[in-house]
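The following note collects points for a colleague who wishes to read this structure residue by residue. Each point may be checked against the sequence and the coordinates displayed here.

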Amino acid sequence: MTPIYFVFPASHRAGWSEPLKEAACGRCSVNEAAPYFKDGKDVFLLQAWMLLRGEETPFSFHLVERAVPKQICVFHYDTARIKHGLFDCFSIVIRVDRPAVPYADIIAEQHPVLDNPVRYLPHWVQPGITRREAARENRLERVALVGNRQYHPAFVSDPYFLERLAKLGIKLVALGPDAWTNFADIDAVVALRPWIAPRVLRTKPPVKLLNAWAAGTPALLGPEPAYRALRLDPLDYLEVTGPESVLSALRQLKETPGLYAAMRERCQARADEYAWENVKGKWLDLFTYAVSRKNAPTPGIVCKFARYQAVRAYNSVLRRTGLWND
């Protein structure tokens, strides 16, 4: 078996709660550990290790605090640092929704529209999702805002907008961090972040759409590249850009016979494509590719360091000037 090492530095592990420490020892399931994931490193990488380690594959999977020299090691963007052994191994860096990767032998993106040498890795569907109750049938009464409150557009708290929603028989609710997997009484979701720069939106993964499909809940989403890349049919989701288009889309769902039911059916069809078994296959393809590349010539240490420092400096400028506003 080819060993694959997932790098979780001691500084990150120090913040783990007891359930996550148990998870890192293989003593609990993803659904048991998920409420305790503290950030994207746990959601994407620790979850990947937990889901892959028990499978029959040509690989063995290990958690380490520092990269193992000359071996295939997987880093989250935030921990892909020289001090964690980035230059000592064959590195795979998961970019997530960050600026350019300073150095990696392979870059993996959660965004579906970026080409080689980047590799696309679909995001795992949020574990522990409670699907919309079947008994609600085709009711459209409760619409949820999803995502961090910092991204919510201002109009969602405008009394006039809420009054017009109420006239449609719809109540707007927010799925906060303590309930963002519970779609039991949610009839549709809205996610819109109009103030984020296009360069940042190009890195955002389509997580909210994947979760809506998994929950069986129709989605109204902003014009983001990742959503558009996955849209194969108008029923996959409705695109919205502001208050008027949100109201128009909800009115359309209310008044067009069969539209809401068709979107619910479409959710199930698309959710099947992103079941964990299919996402697992993408990870295994990535590792197979890494094995094929592992012994190819790589830049010397001076070239690696020069690129690493240059890209970090560029990213710092983007953040300081507000050109990267995530």
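**Notes on the predicted model**

1. Trp180 counts as partly exposed, because its relative accessibility is 42%, a value in the range between the limits of 20% and 50%. The model is a predicted one, and the remarks below should be read accordingly. Trp180 is located in the loop that joins strand S8 (171-174) to strand S9 (188-191). Leaving out residues up to four places away in sequence, Trp180 touches Gln126, Asn148 and Leu175. Between the C-alpha atoms of Trp180 and Ile129 the separation is 8.3 Å, although these residues are 51 residues apart along the chain.

2. The order is S8-S7-S9-S10-S11, and the pairing is parallel. S8 and strand S11 (238-239) are the edge strands, each pairing on one side only. As background, strands of a sheet pair through backbone hydrogen bonds, in either a parallel or an antiparallel manner.

3. The pairing of strand S7 (residues 142-145) with S8 may be followed residue by residue. These two strands pair in the parallel sense over four bridges. From S7 the chain passes through helix H5 (residues 159-167) to S8, and this β-α-β crossover is right-handed. Val143 has Leu172 as its bridge partner in S8, and Leu145 has Ala174.

4. Helix H5 also holds Arg164. Arg164 counts as partly exposed because its relative accessibility is 22%, and the limit for a buried residue is under 20%. Apart from its neighbours within four places in sequence, Arg164 is in contact with Glu244 and Leu247. The C-alpha atoms of Arg164 and Leu63, 101 residues apart along the chain, are separated by 52 Å.

5. His111 lies in the loop between strand S5 (106-109) and strand S6 (118-120). Its side chain reaches the backbone oxygen of Arg202 at 2.8 Å. Not counting residues up to four places away in sequence, His111 touches Tyr120, Leu201, Arg202, Thr203, Lys204, Pro225 and Ala226.

6. The largest nonpolar core contains 57 residues, and those with the most contacts inside it are Phe6, Ile92, Ile94, Trp283 and Phe287. Helix H4 (residues 40-52) supplies the largest share of this core, nine residues. In soluble globular proteins, nonpolar side chains tend to be buried together. For Ile94, the residues touched include Phe44, Leu45, Val74, Phe75, Leu121 and Trp283, with those up to four places away in sequence not counted. His76, Tyr77 and Ala108 are also among the residues that Ile94 touches.

7. The cysteines deserve a separate remark: how many disulfides does the count give? The count comes to zero disulfides. Cys25 is in no disulfide, and the nearest cysteine sulfur, that of Cys28, is 9.4 Å away; the cut-off for a disulfide is 2.5 Å between the sulfur atoms. Cys25 is partly exposed, because its relative accessible area is 45%. Cys267, in turn, is buried, because its relative accessible area is 2%.

Conventions: Residues are numbered from 1 along each chain as its sequence is written. This is a predicted model: local features need pLDDT of at least 70, side-chain atom pairs count only at pLDDT 80 or more; totals for chains, interfaces and linings use all residues. Side-chain values use heavy atoms; hydrogens and water are left out. A nonpolar core is a set of buried Ala, Val, Leu, Ile, Met, Phe, Trp, Tyr and Cys residues joined through side-chain atoms within 4.5 Å. Buried means under 20% relative accessible area, exposed over 50%, partly exposed in between (1.4 Å probe, protein chains only). Contact means heavy atoms within 4.5 Å. Two strands pair if DSSP finds at least two bridges between them. A crossover is right-handed if, with the strands pointing away from the viewer, the path from the first strand over the helix to the second runs clockwise. A polar contact is a pair of N or O atoms within 3.5 Å; within protein, one must be able to donate a hydrogen and the other to accept it, and residues adjacent in sequence count only if both atoms are side-chain atoms.
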